[in-house]
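Hello,

Here is the structure for you to look through. My notes on it follow below.

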Amino acid sequence: MEKIYNNPWFMKVVALVFAILLFAYVNSSNNRGQTTSSVDGLSATTTDTILDVPIVVEIDQDNYYVTGFPETVSVEISGPSSIVLNTKTTKNFDIVATDLDSLGVGTHTIELVAEGLSPQLKYKISPQEVTITIEEKKVETFSVDVEFDKSLIASGYEAGTPTINYETVELTGTASTIDQVSAVKVVVNEEEGITKDIVQTLPILVSDADGKKLDVDLNPSEVTVNIPVNPTSKEIPLVLNQTGTANDGFTYELGLNNQTDTDVSVQANNEVLKNLSSYPVDVDVTDITKTITQTIELPLIEGVTLVDPKEIEVTITVTKKNPIENEQSPTDTSKKNSSSSESSSSSESSSSSASVKNESESSSSSSKEQLNDSVIESSE
């Protein structure tokens, strides 16, 4: 055995065996390390989808208008988990439609690309391709109309003229679309029986002659509408006015037969109602010499559309004037009595003078008769 150990070939064979074993061990360790690294790398790769990503359109927006783009796209990204998570959280990239100016007016199919993504990520945009139309841009100003159903107003009320905070709107779109604009309006929606002012902020609707909505940009896109609602009726008191030719020997008192119904309901526009504090009714007393009750139809005064009730019963109370009412004051009466006495004395004096005169005339007449008798006798 000692000879074998001391044999140089033996030592060389042992060394070779050890070398082979060491090589095999090292090679096995490297293979295990490569496998582990590969598995770790696969576990760090992930895929996720980012939704509602807007599109950046690169075109001269002062001269061109583009239609056909979807509002947003979805982007599927894959790569290292940390980068995917960070990209989804920050969304620090853009989906871009580039170099549209070079395409010119017309219809084109283009491909969307992502800008700003990490080079370690792979991505897929959905949809990847879109068909767009490039047209010349047109800007025009339109008046905004208010559409409102007045039948929704409650009875006894009326709607005034609507007002809006922006009377015009600027529409921007393709020339062909702007030329189709037929209506620019807001529609007021309310329930029946409206009794108070309407205030609503509403979107502006743009449509063509067929009522189809048009794809345009609006500035502003909504307006505030104010519609005043005012009452068209109110209760006001009746006022009776005596008219006609009154008889001098009578006094007249006018009154309603039903003293509890002294008011009437009047319908008119708001301006007329503001100026109405009473409702006048003329009562003609011509040729009336005794108390009567009349039915009088209420006339519609200017601006009034309806009065309720339509007729009323008026009592005309007639009273004979008392002669004492025509007498003057005591002083005047005294003067009048004095004047009467003087007049009476004068009358008596005149009467006395007349009596004396008559007696004188009678005496004279008698003398004449006697003289005539004497003359006749002498002649005989």
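**The largest pocket**

The lining of the largest pocket splits into 7 nonpolar, 3 polar and 4 charged residues. Bear in mind that this is a predicted model. The pocket has a volume of about 500 Å³. In total, 14 residues line it. Tyr65, Val66, Thr67, Asp215 and Asp217 lie nearest the centre of the largest pocket. Which element gives the most to the lining? Strand β2, residues 64-67, does, with 4 residues.

**Salt bridges**

There are 5 salt bridges in the structure. Side chains of opposite charge can pair when their charged atoms come close.

Start with Lys138. The side chain of Lys138 meets that of Glu140 in a salt bridge, at 3.8 Å from N to O. Lys138 is partly exposed, because its relative accessibility is 27%. Glu140 is partly exposed too, with a relative accessible area of 31%.

Lys138 also forms a salt bridge with Asp179, at 2.6 Å from N to O. This pair links distant parts of the chain, 41 residues apart. Asp179 sits in the loop between α4 (175-178) and β13 (183-187), and Lys138 is in strand β8. Is Asp179 buried or exposed? Asp179 counts as exposed, at 53% relative accessibility.

Next, Glu147 and Lys185. They form a salt bridge, and their closest N and O atoms are 2.9 Å apart. Here too, distant parts of the chain are linked: Glu147 is in strand β9 (residues 145-147) and Lys185 in strand β13, 38 residues apart. Glu147 is partly exposed at 38% relative accessibility. Lys185 is partly exposed as well, at 24%. As for networks, salt bridges with shared partners join Lys138, Glu140 and Asp179 into one.

Phe142 lies in strand β8, which runs over residues 129-143. Its relative accessible area is 16%, so Phe142 counts as buried; the cut-off for buried is under 20%. Phe142 and Val184 are 42 residues apart in sequence. In space, their C-alpha atoms are 7.0 Å apart.

**A nonpolar surface patch**

Which residues form the nonpolar patch on the surface? They are Val13, Val17, Phe18 and Leu21. Together they have about 400 Å² of accessible area. Val17 is found in helix α2, residues 8-43. Val17 is partly exposed, because its relative accessible area is 42%.

Best wishes

Key: Residues numbered from 1 in each chain as written. Predicted model: local features only at pLDDT ≥ 70, side-chain atom pairs only at ≥ 80, totals over all residues. Heavy atoms only, no water. Patch = residues over 30% accessible without salt bridge, like charges linked within 9 Å, V, L, I, M, F, W, Y side chains within 5 Å. Areas by Shrake-Rupley, 256 points an atom, 1.4 Å probe, with all protein chains shown as cover. Salt bridge = Lys/Arg side-chain N within 4 Å of Asp/Glu carboxyl O. Helix = DSSP H or I, 4+ residues; strand = E, 2+ residues; numbered from the N terminus. Buried < 20%, exposed > 50% of the residue type's maximum accessible area, 1.4 Å probe, protein only. 1 Å grid on protein atoms, 1.4 Å probe; cavity = no way out; pocket = protein on both sides within 12 Å on 5 of 7 lines; lining within 4 Å. Points joined across faces, edges and corners; volume = space filled by probe spheres on them. Nonpolar A, V, L, I, M, F, W, Y, C, P; charged D, E, K, R; others polar.
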